[in-house]
Amino acid sequence: MSGLPILSILIFLPIVGGIICLFLPGRTDDPAAARWLGLGASLLTLLIALLALIGFAPGTSGPVLEEQAPWIPQFGISYHLGADGLNILLIALTAILTPPAIIASWTALGGRPRLFIGLLLLLEGSIIGALSSLDLILYFVFWEAMLIPMYLLISTFGGARRGYAALKFFIYTSAGSLLMLLAMLYLSYAHSSREASAAPSFDLRDLIGTQLSVAEGRWLFLAFALAFAIKLPIFPLHSWLPDAYKQAPVTVLVLATMLVKVGAYSFLRFAIPLFPDAARDLMPILAALATVGIIYGGLVAAAQRDMIRLLAYSSLAHLGFIGLGIFALDARGVQGSLLQMVNHGVSSGALFLIAGMIAARVGTFDIDAHGGLARRWPVLTGTFVLAAFSSLGLPGLNGFVGEFLILLGAFRTQRVLACIATFGVLIAAIYVLRLFRRTMFGRERRPEANAQLVSGDLSGREIAALGPLLLLIVWIGVYPSPFLRRTEAAARDTVSAVTAPAPATTALTVGATALTATAESATR
Amino acid sequence: MGLVWLCLLFPLAGFAINALLGRSLPRRAHGIIATVAMLAAFAVAWIVLADLLSLPHEEQHRNLILYNWVPADGFNATFGAWLDPLSVLLLLIVTGVGFVIHLFAIGYMAEEEEGQRRFFAYLNLFVVAMLVLILANNFMLLLVGWGGVGFASFALISHYFFREEAADAAVKAFVINTLGDVGMMLGIFLIWVTYGAVDYETVFRNAGNAQTGTITAITLLLLVGALAKSGQVPLHTWLPDAMAGPTPVSALIHAATMVTAGVYLLVRAWPLYELAPATLTTIAWLGAFTALFGALIGLVQTNIKRVLAFSTMSQLGYMFLAAGVGAYSAAIFHLLTHAFFKALLFLAAGVVIHAIGGEEDLRRMGGLRDKVRIAWVAYGIGGLAIAGIPPFSGFFSKDEIIYSAFTSTRGNVVLGLIALLTGGITAFYVFRSFFLTFYRTPRYGIGHGGTEAEHGHGDGLHQPGLEMRIPLIVLSVLAIVGGWVLIPDAVHLFEDYLEPVFAYPAAFNAPVHAAGGATYWMIAIGAALLGAVGIGAAYYLYVLRPALAADLAGRFAGIHRTLFNRFYVDQLYDTIFVRPTRAFGRAFSGVFERGLNGLVNGAGYLVREASVTMREVQTGYVRNYALLILGGTVLLIAYVLFTAV
Amino acid sequence: MFLFLLLAVVAVAASIAMITARNSIHSALFLVVDFFCLAVLYLTLNAEFLAAVQIVVYAGAIMVLFLFVITLLNPGNEETDDRLRGQRPLAVALGLALLVEVALLLRTQAIRDRLGDFPPATSFFEQVQTRINGTPTAPIGNVQAIGIELFTTYVLPFEVVSIVLLLAVIGAVVLAKRQLR
Amino acid sequence: MAPLSYYFILSAVLFTIGTIGVLIRKNPLIMFMSIELMLNAANLSFASFARARNLLSGQVIAFFVIAVAAAEVVVGLAIIVSIFRSRQSVDVDDVSMLKG
């Protein structure tokens, strides 16, 4: 296993599968071949990703599964991939989320199944590529490549205003990337011109530690941060998100949640290690914006009538949590953020799917248009309950662990913000329960009979799509340590590279460590 | 000791079986599975108790760790159980009373067409969450139980989700509890930052190593959670609404589980609270206020379950008062007896409601004494217990609290008088509901469902079956004798049992208030007399001279209305919290979002306008382009001419 | 010198006539005059092969092609007023500006130093022969020299030009053929 | 023999005339001819340089220019013919589909 280029396989298996899917022979509206090909490719990817995740020993700090090959050696651009605690979970999660997306869109392929599934696979491959790149240019290529399938999916299969939303999404997010590309070029130039005997390079590892003046560091950091902040999105830069989510096909949103997380991950991978001084100086501002995003997103979500818009704004709030954990520059917070990225993918992914399933049954996303659905579809209600309470951070489910660690970390370094952000948990309860109560509870209003609509409770296929996500929701809530242990070293390294060596919290830490040791021995 | 995990496992298994496999089971099986799971857990709880008591006193606190739950860099929370007399006592109460209520629910829910599986699954889950809460060995795990209880209460209160008020009540309960969770979370963060750990052992052992201000902050934040969970002012508004759930749920929430969590937390974290006198004072006053507040509102409520809900609030106020004046064991003692008599009252009320087809309005009851005799007896016993009439259990526990409020170093006369007065009011309003339900002429309409042949009584009332009678009998006995474990100057069983809790960590001197002596008995007799007066007044007003009651209500219409509307607290919160929040959300999503969107689209619009202007240059005529090329060439050469050469 | 001035005057006059003639046939004929003048000028520059090619290809092939197309299309006289306002005066002004600039460039000291003047004709031959034969004495003709140059130093561009011509032929055929319906 | 700069001046004059011709005429055929004139002017410079520098390269380049010009004329005229076929006009100003 160690000899195989695992990461390359993970990237190119879906990409090649997607391309094949696009050019399958036979009638274009015949979905069978595309479905099974897509499912097969994504399941195979999933299998390999899980093997990689299991093979990633807890506590590993450096990158593993590294692959490096010269690509454009004149400019020092190489094909450099690697997995470590920062990205291994996200890579696995991308692979986990794709089969449910394909299964859920089994019958909703917009009349062009090959295009749909092919684009989904291309999206998966490019996301994994962006997550595993350790070379700036390679990363940038994948980063931009993610936009293309997403743009096409929205503009081809989207809702009524798909053209507007797709264009807005594309232009907004790529506008940020341009500055990032400039910053990359500047950085590489600075590296090769200032370091003695330095060859030109875009390799992340070479560029870390480049001598930069304070002003340079800040500007470059801001250029990177802008791109990531738009993608994440951080509070005032979010206006593409509700439109894009609203117009995109619902099943695609499962993967779209991964797309935005590449932005969060990139802060940890690139912006912070490359410009530690600037990061340290500017993080409070970003943390404040993330906090605003939590509260603001929550309040706006609470005022929405459309399920998807509500969930889109709730994503803004969730991503605010993720951002806060990162910007707090605390190892706990970073670990919490990494876990919360997984959680958000799983919970919001499930919620998007469920919203789609409800809409397939009642014909609208308007939460005031129906009520009392719990009576008719108990299984649907059960899955909705689990996903909804996971999303609002119910202790015992996955969202709680992530949010708790994020806020814990932030509480140490950004106390005021953490206190404000904690109220985001309350707001989350308000808007999630509003969604749940309006649709599931209350007087039953039967929609008019319509042959277009799905009838009956969840089908086996729909359960198959949701099942893995629900399983993860419970698993991460009850037993998150396999995940946390894999991110621990990377989170610590990332943070300690930025902050000065942290002084011991109090003398009590010694006692706490001793206790931890006892606890571990007891576990064994 | 390790057997304690079985206590968790049995109800969890019950939940899992009902939730996942239940669809293929017959309707009756759900309740039986859930009840058997509870019985098993209850049995194991006794074994755990025996194990614990076999240890020497100073070793009666065990930290059992199952696995490492949330290990992060420099932070660790385990999944483990903290076993000491306090948690084991609560374990017994929860599983025991829980079991009885489950048993009762089999009968109560028997005629429900749908939702039985859901009901019993969530009922078990509720118990699981409560057990996690009780057994947790660290604050983070405590929060899991804390939130889990909130969730289960949400699911159960909304059992009749198709009723708008039930759905609203469930959401309200959960949201207010989440507000408490927020306070808890902040408190836990502060604990971690201060002590470097969140497990009880480290925190309590090092409790003194922090500044008083910090500890006060921690305890106040934890208190927010306790207030929300226990329905104390100002976070009490969810509690009466929660009556929208089926009656066994109300019994479970109010007697054995949920609401006692707040008291449990205060007592569990007593080493911290001991170090924060300011917080204790706050708790005492809030508790006393809530006790009086709930009792006053209870005076005029017309829904039998709401009366009981406000009595719960009021009784929990007593427990908070006890904790606030440092009488932790008194708080727990009252928690114990309250679990018995409140469960009894609710179940008796449940029998009544069940009997007359779901009617809960006191104005539409009456004359049921002979119709459902067992309910009459049970409600009467429960009422006497809550009213503090000797030798019923409430007498001992409540007087312990009143005594502490008067005599403790942290108590004072005002607190004591409030507690004393509230006792009288309690007796009055509980017996008001008792008399309205069981005496005078029947005012209920017969024939809401249920066939006569089924029950063979010919009066159209549903008579409780055996599975409903047994719980009433058991709880009646307990409501009578439950208080006898602690009789001042005679029996010290309870105090001795709890002593190890307050002997750990050893750095503290446990605040022991050995009640007794002349002062105690004077207060106790006074309280009992006051209770008797309350009962008598209720009898006079509602049985002998019913017209007078209505007359009084009319004469003091303002007060009556204020009380009936619960001092308008709901309306107040609606005005100052709910509406502004909603308005903010609307404003943000309307004005702000549109503004941001406008900025973004405005940028795009500018670019487009600029390009529309610029494209005029593109005439399409080849010769124009050629001319421009020539112009460019001329300029270029001019540049070379004037600079380069 | 006289020859140059004569040819220059004729060439300029013919070209002005070409761009001003109303009739395109006339324009074409004036252009032929130009080509001939230039051919003679090439001769004065010892570029005999170029002169020959100029006559054969330009005056011969290309102009015949032009005349063919003109007669084929028979466009008639174009209208005198220009739709594009200001195009003509601007074009003339800019053209003259270009001319002035080039003249000024030629007058600058740096370019004059660099430019120098023609060497004697004999040295031209010697240089060329030395480069090709390695010895200045062996006589060699201009055509032969260009041939050697083309097939040694410039063999790759030469082949590329042949491909360009081939493509032009194909392109012309494709463009000019009537659309098959 | 005339001095080298004379040849350049002549070349520049012819080039300018060609340029003006391209710009002021609307008949594409005459525009083409003007372009040919410009090419010839350039060729004259090349030949002059070849003579002045004692190199054959200039002549070779001029030869290439002629060859490419021939190709260009062939294609250009073909385009003109096909445009004329579709529009019955040879005025370049009628062809303005590039308009933005």
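**Chatting through a predicted model**

Trainee: What's the mean pLDDT of chain B?
Mentor: The mean is 85, and 95% of chain B's residues reach 70 or more. pLDDT is the predictor's confidence in each residue, from 0 to 100. This is a predicted model: local features need pLDDT of at least 70, side-chain atom pairs count only at pLDDT 80 or more, and totals for chains, interfaces and linings use all residues. Residues are numbered from 1 along each chain as its sequence is written, and chains are lettered from A and ligands numbered from 1 in the order in which they are written.

Trainee: Where does pLDDT stay under 50 in chain B?
Mentor: Over residues 447-458 of chain B.

Trainee: New topic: how many residues of chain A are in contact with chain B?
Mentor: 62, and they meet 55 residues of chain B. Contact means C-beta atoms, placed from the backbone, within 7 Å.

Trainee: Which element gives the most on chain A's side?
Mentor: H17(A), with 11 residues. Helices are DSSP runs (H or I, at least four residues), numbered from the N terminus.

Trainee: And which residues have the most contacts inside the largest nonpolar core?
Mentor: B:Leu321, B:Ala343 and B:Leu344, in a core of 449 residues. Such a core is a set of buried Ala, Val, Leu, Ile, Met, Phe, Trp, Tyr and Cys residues joined through C-beta atoms within 7 Å; buried means 20 or more other C-beta atoms within 10 Å of a residue's own. Helix H15 (residues 328-355) of chain B gives the most to this core, 21 residues.

Definitions and conventions:
Two residues are in contact if their C-beta atoms, placed from the backbone, lie within 7 Å. Helices (H or I, at least four residues) and strands (E, at least two) are DSSP runs, numbered from the N terminus. A residue is buried if 20 or more other C-beta atoms lie within 10 Å of its own, exposed if 12 or fewer, and partly exposed in between; C-beta atoms are placed from the backbone.
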